[in-house]
Amino acid sequence: MKKMKKALIAGFLGTALIVSGCGSKAGNDKAAEKVDVSQLPEVGDFSKEQTLKLSGSFTRGKAEDGSYVQKRLEEQFNVKIVNTKVDTWDAEQTNLMVASGDLPDTFSFTAGGQTPQEMFDSGLTRTIPKEMLEKYAPRYMKMLEENQPGPIMNLKKDTDNEYLQLIAQYAHVDGMAWGPTLRLDWLENLGYEVPADAKPVGPSGGREKIYFTEHGYTLEELEKILKDFTFKDPDGNGKNDTYGILPANNNLNWAATLLGAFQLGNGYNFIENDKLVRMEVSENYKDFLKVMARWYKEGIVDPEFTTLDEKMTWEKYKTGKIGYFIAQPAYLAMDDWTRGRAPQNIVESENSTAKVLATAPEIGPDGQQGIAAYLPVVNLADSFYISKKVTDEQLARILQIFDYINFDNEARWTLYGEIGEHSDWEGEPNKSAIKVRPEFSLEEGETGFWAYNFRTYDKERMQWFTSEYTLKLKDEWYAREDVKEKMLIRPYKWDLLNQTNLREIDKRYGGQLKTIVDEFRMKAIVGEVDVDKEWDKYVDSWMKNGGKEMIEELDKAPLVSDLLQGKQ
């Protein structure tokens, strides 16, 4: 289960593969033909057996022929399933699969970083008519309608009724992905008053040492706390060996809510001084860097951060010398897949006397507070493709299987078998995670669990692989409706529908722009450059190295506010 859950979350969760494309536009004539749905079988008419080579999001080449799930699906839908014996998470194996042209009828890996349109143009995939989806996959279409602008996403260029791929619902990333934490035992040792609403995440297993409060600290209050964590011997060992905060050198996860205090989201764009700007060259980002540089100069930032990536910072935190760290709700709830990650790794041992306090995001200079939404517009992501060789009649059967196993929650058996026979509730039935019994394969194998499923989850499905403690945190705070409305930061514009040339511009300039941004951020924080003196030069370099073209093209993208209303 631990391996499967890592797959589910990966990156709080995308796990697309990179393979190389082949074929040509000329080889995809079938996909361009108009489909006469009236000539296809009625829904539920499975009188003609179909042979289908199926693959899903979790296909690792380990499916055993004649598995429990395979047999049940074959009987229910009158199909003969040919299992994909390739690890679709292995780039080399999928490259060979694509090069040979022997693709499964369904797959959810991507080709060479191509867009769905490029994959179609390369002759790898066929389109999926809207009329067929409405007839054979009504649950899926209902999900799209409930998640605007789902119905207009992934349409083939210049059409309004042909989809390039199917897409997943990501209920598991709903709400705030991250929140700040402080060492609670240090606060207590230093005489700080603990917020009155602070309460443990759970009753045992280390969760009783992790507390949550809806209270948020201002940047000024946080700065004082971090100074005390650094200079007032919070662990009482008589040594000057603690630090307030430990960034990572390979991403900005550590600053997710600190950026939110300046109303920023990494990679997002905003209107500033009546102009469209990217975060990296905004005045608010400049202010953020100046605060980080001051904290570093004052000694509250662990200087070792320049050599530590995110995973290494978890290990450093576990030594008990860092006071502030960022966390996902599942980290606080100590879900299985989070073991070893900060900040919960400090309380994992039964003998640990450490305590952690999770708080609301920091409050910025003008009262700003929040965090960038994990997905910029809507909680829809990922791709499920249909091979170009699939006939309309085969597609009708595929869509009915797809709609059932991914959107009818009675199909839970395709993931966990039968409760009480193959698996059990971790806690209270229907309100906790499901655990497959140790004698059965978690994925594929003789059970066939997850062998043909897509990575898509509504709220009920999310609960099947999420602890009751994480669900409680999300319900009570991180994904509460009023909290989301107040806290989630979204970009001003976004090319969700691939209507601009931003992708090509990013291919051309993205690498050098990232280098410019990363180098300046690091030098600014450690004091190698004066942010005020070097800012204009930095912005000018960013603009001249492709940033200007990127912003000009970004300005052609639709407003996020319009997209959320289903407008193009």
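**Ground rules.** I am working with a predicted model, in which local features need pLDDT of at least 70 and side-chain atom pairs count only at pLDDT 80 or more, while totals for chains, interfaces and linings use all residues. Residues are numbered from 1 along each chain as its sequence is written, and side-chain values use heavy atoms, with hydrogens and water left out.

**Overall form.** I find 21 helices and 19 strands in the protein chain; helices (H or I, at least four residues) and strands (E, at least two) are DSSP runs, numbered from the N terminus. The radius of gyration is 25 Å, close to the 24 Å from the globule rule for 568 residues, so the chain is as compact as a globular protein of that length. That radius is taken over C-alpha atoms, and the rule is 2.2 Å times the number of residues to the power 0.38. The C-alpha trace spans about 75 × 60 × 40 Å along its principal axes.

**Surface and burial.** I note that 58% of the 568 residues count as buried (under 20% relative accessible area; exposed is over 50%, partly exposed in between, with a 1.4 Å probe and protein chains only). The chain exposes about 23,800 Å², and carbon and sulfur atoms supply 47% of that; the areas come from the Shrake-Rupley method with a 1.4 Å probe. Of the contacts with a separation of 6 or more, 78% are between residues 24 or more positions apart, a contact being heavy atoms within 4.5 Å.

**Helix H17.** Which residues of H17 are buried? In this helix (residues 468-478) I list Tyr469, Thr470, Leu471, Leu473, Lys474, Trp477 and Tyr478. Their cover includes strands E7 (179-183), E9 (210-212) and E14 (356-358), along with helices H13 (329-332), H16 (459-464) and H18 (481-487).

**Ser467.** I found Ser467 in the loop between H16 and H17, buried at a relative accessible area of 5%. The Ser467 side chain reaches the backbone nitrogen of Thr470 at 3.1 Å. Beyond four places in sequence, Ser467 touches Ala333, Asp335, Glu426 and Ala433.

**Thr181.** I then went to strand E7, where Thr181 sits, buried with a relative accessible area of 1%. Beyond four places in sequence, the contacts of Thr181 include Tyr324, Phe325, Leu332, Pro343 and Val356. Thr181 and Ala360 are 179 residues apart in sequence, yet their C-alpha atoms are 8.8 Å apart.

Where is Pro343? I see Pro343 in the loop between H13 and E14, and the peptide bond to Pro343 from Ala342 is cis, with omega near 5 degrees. The bond from Gln148 to Pro149 is cis too, with omega near 10 degrees. Pro149 lies in the loop between helix H7 (138-146) and strand E5 (162-163); Asn154 has its place in the loop between H7 and E5. Phi of Asn154 is positive, near 70 degrees, and Asn154 is buried at 17%. Asp274 has a positive phi near 65 degrees, and is exposed at 76%.

Conventions. A polar contact is a pair of N or O atoms within 3.5 Å; within protein, one must be able to donate a hydrogen and the other to accept it, and residues adjacent in sequence count only if both atoms are side-chain atoms.
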